[in-house]
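Please work through the exercises below with the sequence and the 3D structure side by side. Try each task before reading its solution.

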Amino acid sequence: MLFDETVEGALTVIRRLPFITGRTAKKILFFLLKNRKTYTQELIKVLEKLTFIGECSMCNMPSSTDVCNICSSPKRSDRELIVVEDFSDLFTIEQMGEYNGKYFLLNRRLDIKNGVGPENLGIEKLIEVVQARRVQDIIFAFDQSPEMEATKTLIAERLRPLDVSLYSIAVGLPFGSEVEFTDKRTIKYALLNKIKID
Ligand SMILES: [Zn+2]
């Protein structure tokens, strides 16, 4: 081993971060070592806090409080609810800065092979939220993978008996493959041109 065990161990863990190439991992390591008494200490503290964060009881967004800032905001309408796969999708839509309703995060997708069946999608909770808030419009903002299409179909079937209108964000757009990578203009277009699900 060329370097100290601790240094090598840190490099191995940094390399496991998504989107980090070998060269970038080394640069991050050098930065963390150089600033170990300042920035790195700060990073340890926030990361530790992050490991204890829970989920909002209404929308499942990561939150330190029982109800998150979006769900408890009196400025945001209960009328519209966007259903997303996870936090990164919510983040993308929020960056657009024009959506004024609320969200529901599934935090999973239908994946029978890996044990995620219809009963694991949290649909009961979604129905409870929709009824409690008297939501009128539900918009699915998913990527166009077969798994998410199946997830959407399944949830839509369960929501249909409720007195709500169901929509999907506009399809046939230059979406990379995920909502996360879509630019602001595209997501705005997708929401404005949402398609009604019959
Ligand atoms: Zn919430």
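The model is predicted, so local features need pLDDT of at least 70 and side-chain atom pairs count only at pLDDT 80 or more, while totals for chains, interfaces and linings use all residues. Residues are numbered from 1 along each chain as its sequence is written.

**Exercise 1. The whole chain**

Task: Find how many helices and strands the protein chain has, and state which domains the assignment gives.

Solution: Begin with the elements, which are DSSP runs numbered from the N terminus (helices are H or I with at least four residues, strands are E with at least two). The protein chain has eight helices and seven strands. Turn next to the domains, whose bounds come from an automatic or database domain assignment: domain 1 covers 5-51 and domain 2 covers 55-196. The C-alpha centres of domain 1 and domain 2 are 33 Å apart, and the C-alpha trace of the protein chain spans about 65 × 35 × 35 Å along its principal axes.

**Exercise 2. The sheet and a helix across it**

Task: Determine in which order the five strands of the open sheet are arranged.

Solution: Use the rule that two strands pair if DSSP finds at least two bridges between them. The order is then β4-β3-β5-β6-β7, with mixed pairing, and the edge strands, each pairing on one side only, are β4 and β7 (195-196). Within this sheet, β5 and β6 pair in the parallel sense over four bridges, and Ile138 has Leu166 in β6 as its bridge partner. Finally, look at α7, which lies across β3, β5 and β6 and runs at about 170° to β6; here axes are lines fitted to C-alpha atoms, for helices over the stretch in contact, and angles run from 0 to 180 degrees between N-to-C directions.

**Exercise 3. The nonpolar core and a helix pair**

Task: Name the residues that touch the most other members of the largest nonpolar core, and describe how α5 and α8 pack.

Solution: A nonpolar core is a set of buried Ala, Val, Leu, Ile, Met, Phe, Trp, Tyr and Cys residues joined through C-beta atoms within 7 Å. A residue is buried if 20 or more other C-beta atoms lie within 10 Å of its own, exposed if 12 or fewer, and partly exposed in between, with C-beta atoms placed from the backbone. The largest core has 32 residues, of which Cys59, Val83, Tyr103, Ile138 and Ala141 touch the most other members. Among the elements giving two or more residues to this core are β3 (80-84), α5 (87-96), β5 (137-141) and α8 (184-192).

Now consider the helix pair, in which the axes of α5 and α8 are 9 Å apart at an angle of about 95°. The two helices are therefore roughly perpendicular to each other, a label used for angles of 65 to 115 degrees (under 35 is roughly parallel, over 145 roughly antiparallel, and the rest oblique). Their contact (C-beta atoms, placed from the backbone, within 7 Å) is made by Thr92, Ile93, Gln95 and Met96 of α5 with Lys184, Ile187 and Lys188 of α8.

Definitions and conventions:
Two residues are in contact if their C-beta atoms, placed from the backbone, lie within 7 Å.
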